[in-house]
Amino acid sequence: MRKFSPDWFRQQFPALHKPYCYLDSAATSLRPQVMIEATQAYYQNGGTVHRSHYSQAKEATERYEACRQQVAQLINAAEANQIIWTRGSTESINLVAQAWLAHQLQPGDEILVSEAEHHANLLPWLMLAEQTGAKVVRWPLSPQGELEVDELALRLTARTRLLAVTQMSNVTGYVPPMAEIIALAHQAGVPVLVDGAQGIVHQPTDVQRWDADFYVFSAHKLYGPTGIGVLYARKDRLAEMRPTQGGGKIISHVDFDGYRLLSAPWCFEPGTPNIAGVIGLASALGFHQSVDWQAAEAWTCQLADYAAEQLAALPGITLFRAAGSPIISFVFESLHSADLFTLISEHNVALRVGQHCAQPLMQALGVQGTLRASFAAYNTYDDVEKLVRAVTFAYQLLTEEE
Ligand code: PMP
């Protein structure tokens with residue numbers, strides 16, 4: 001494994017070879033050259049998967065399947081065939097809703113969802129509730145913006161069929177105590193889906209240690225391509241899932257009277273899949289494995305700490321940030337975040353503004369929206385200086401006396 005060097009790491013990302021203050025990695029990360037080349041090489045060679053035996057197709061199939069093992073290693077899944085390819089976290093969560101929970105729900109059953117969730121981990125449950133007569137129950141955040149286990153104990157009932165909770169908030173970077181949460185839910189007989197879209201990037205993840213029933217993430221936040229994601233399911237949950245989409249390569253036999261499905265994960269992946277996406281992810285994971293992530297993460301959080309310290313000194317600012325997090329949300333008293341954002345963008349600082357697909361969390365924080373700076377290991381102290389300069393400039397311009 002390579003020792004982490006901020007300069008070397010940054011060099012691997014062609015988007016940063018020209019001036020670019022990129023502080024929007026929580027939305028999507030930049031991509032290393034090696035992953036771009038792997039995707040390009042696949043398109044140059046061609047070949048489909050699981051359908052043919054010419055050498056390009058054989059090679060594509062081998063790499064496509066080998067990537068499941070890489071993902072299994074990354075999250076410590078027991079077996080590669082517990083990894084289902086999807087388009088991303090959103091599709092993975094919808095798949096759990098429709099392929100696993102839908103056929104078990106009765107009217108009046110409850111789906112418990114934390115208030116810290118991205119809409120991707122709320123809307124599939126609201127839609128499912130509409131479909132089935134079940135209801136979605138809120139697990140509220142404490143006034144400190146945390147998910148408390150005591151509060152969870154009050155919300156788990158004999159009707160709770162699932163708990164859906166994030167590994168890391170995409171707004172504040174808050175990390176709930178996952179092992180404790182899952183243990184408590186399981187004591188009450190409630191399975192747990194963990195949304196790892198943000199967490200996978202910043203934390204070592206061990207689905208077996210947690211005993212997570214479902215775990216999802218998207219490749220594009222982890223230095224991989226867009227349009228490819230993962231659903232991990234515990235073996236017993238996998239056995240309870242029923243495919244929701246039919247198509248090529250999910251059966252061993254079909255005629256006009258019926259069909260016999262292949263085993264998981266293949267029965268959940270109808271049609272020609274995102275081959276380039278999986279091959280790109282394989283390369284991104286190879287890159288990931290070659291770096292000392294503890295050191296990379298320490299660098300990232302050091303930068304975010306410094307940025308938070310500098311921003312906190314500005315008048316009228318409120319920060320929403322869990323201690324040590326790579327994500328900083330902030331607002332200014334009596335200024336509209338969108339106005340600040342427009343001026344900050346003029347300084348070529350890439351932030352995000354708005355509700356971050358987390359409207360219930362915005363309500364809990366008592367804000368309309370926030371500005372968000374999110375850090376990755378390719379950022380530098382220079383990026384922090386640019387951010388603080390741009391925010392100060394925008395603040396001064398908007399509060400200038402006539
Ligand atoms: N959950 C969280 C916490 C996220 O940050 C995101 C992406 N912003 C998602 C889910 C959805 O991921 P995707 O859009 O890649 O499906």
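Leaving aside its neighbours within four places in sequence, which residues is Gly199 in contact with? They are Gln167, Met168, Val175 and Thr205, where two residues are in contact if their C-beta atoms, placed from the backbone, lie within 7 Å.

## Basis of the report

This is a predicted model, in which local features need pLDDT of at least 70 and side-chain atom pairs count only at pLDDT 80 or more, while totals for chains, interfaces and linings use all residues. Residues are numbered from 1 along each chain as its sequence is written.

## Domains and annotation

The chain is divided into domain 1, made of 6–30 + 292–399, and domain 2, made of 35–289, with bounds that come from an automatic or database domain assignment. Their C-alpha centres lie 28 Å apart, and 20 residues of domain 1 are in contact with 20 residues of domain 2. On the side of domain 1 that touches domain 2, at least two residues each are supplied by β12 (327–332), α14 (359–365) and β15 (370–374), and α14 gives the most, with 4 residues. Helices (H or I, at least four residues) and strands (E, at least two) are DSSP runs, numbered from the N terminus. Sorted by class, this side of domain 1 has 11 nonpolar, 6 polar and 3 charged residues; here Ala, Val, Leu, Ile, Met, Phe, Trp, Tyr, Cys and Pro count as nonpolar, Asp, Glu, Lys and Arg as charged, and the others, Gly among them, as polar.

The UniProt record, an unreviewed entry, places the feature "domain: Aminotransferase class V" at residues 22–387; its positions are given in the numbering used here, feature names are shortened, and annotations may be inferred rather than shown by experiment. The end C-alpha atoms of residues 22–387 lie 10 Å apart, and the span is 40% helix and 18% strand.

## Around the ligand

Of the 14 residues around the ligand, those that come nearest are Gly88, Thr90, Asn170, Ala197 and Ser218; a residue is near a molecule if its C-beta atom, placed from the backbone, lies within 6 Å of it. The shell around the ligand has 3 nonpolar, 10 polar and 1 charged residues.

In helix α13, which covers residues 337–346, Ser337, Leu340 and Ile344 are buried; a residue is buried if 20 or more other C-beta atoms lie within 10 Å of its own, exposed if 12 or fewer, and partly exposed in between, with C-beta atoms placed from the backbone. These three residues cover an arc of only 60° around the axis, which puts them on the same side of α13; the arc is that of the directions from the helix axis to the C-beta atoms. An α-helix has 3.6 residues a turn, so residues three or four places apart point the same way. On the other side of α13, Ala338 and Glu346 are exposed, whereas the buried residues of the helix pack against β12, β13 (349–350), β14 (352–354), β15 and α15 (381–399).

Asn348 is found in the loop between α13 and β13, and it has a positive phi of about 55° although it is not a glycine. With 12 C-beta neighbours inside 10 Å, Asn348 counts as exposed. Cys357, in the loop between β14 and α14, also has a positive phi, near 55°, and it is partly exposed, with 17 other C-beta atoms within 10 Å. Most residues other than glycine have a negative phi, and most peptide bonds are trans. A cis peptide bond, with omega about 5°, joins Ala264 and Pro265, and Pro265 lies in the loop between β10 (258–261) and α11 (275–289).

## Distances along the chain and in space

Gly199, the subject of the opening question, has its place in helix α8, residues 199–202, and counts as buried with 23 C-beta neighbours inside 10 Å. Gly199 and Pro273 are 74 residues apart in sequence and 26 Å apart in space, C-alpha to C-alpha.

Cys67 lies in helix α3, residues 55–75, and is buried, with 26 other C-beta atoms within 10 Å. Cys67 and Ile279 are 212 residues apart in sequence, and their C-alpha atoms are 7.4 Å apart in space. Leaving aside its neighbours within four places in sequence, Cys67 is in contact with Val278, Leu281 and Ala282. Ala27, in the loop between β1 (21–22) and α2 (33–45), counts as partly exposed with 16 C-beta neighbours inside 10 Å. The C-alpha atoms of Ala27 and Ser374 are separated by 8.3 Å, although these residues are 347 residues apart along the chain.
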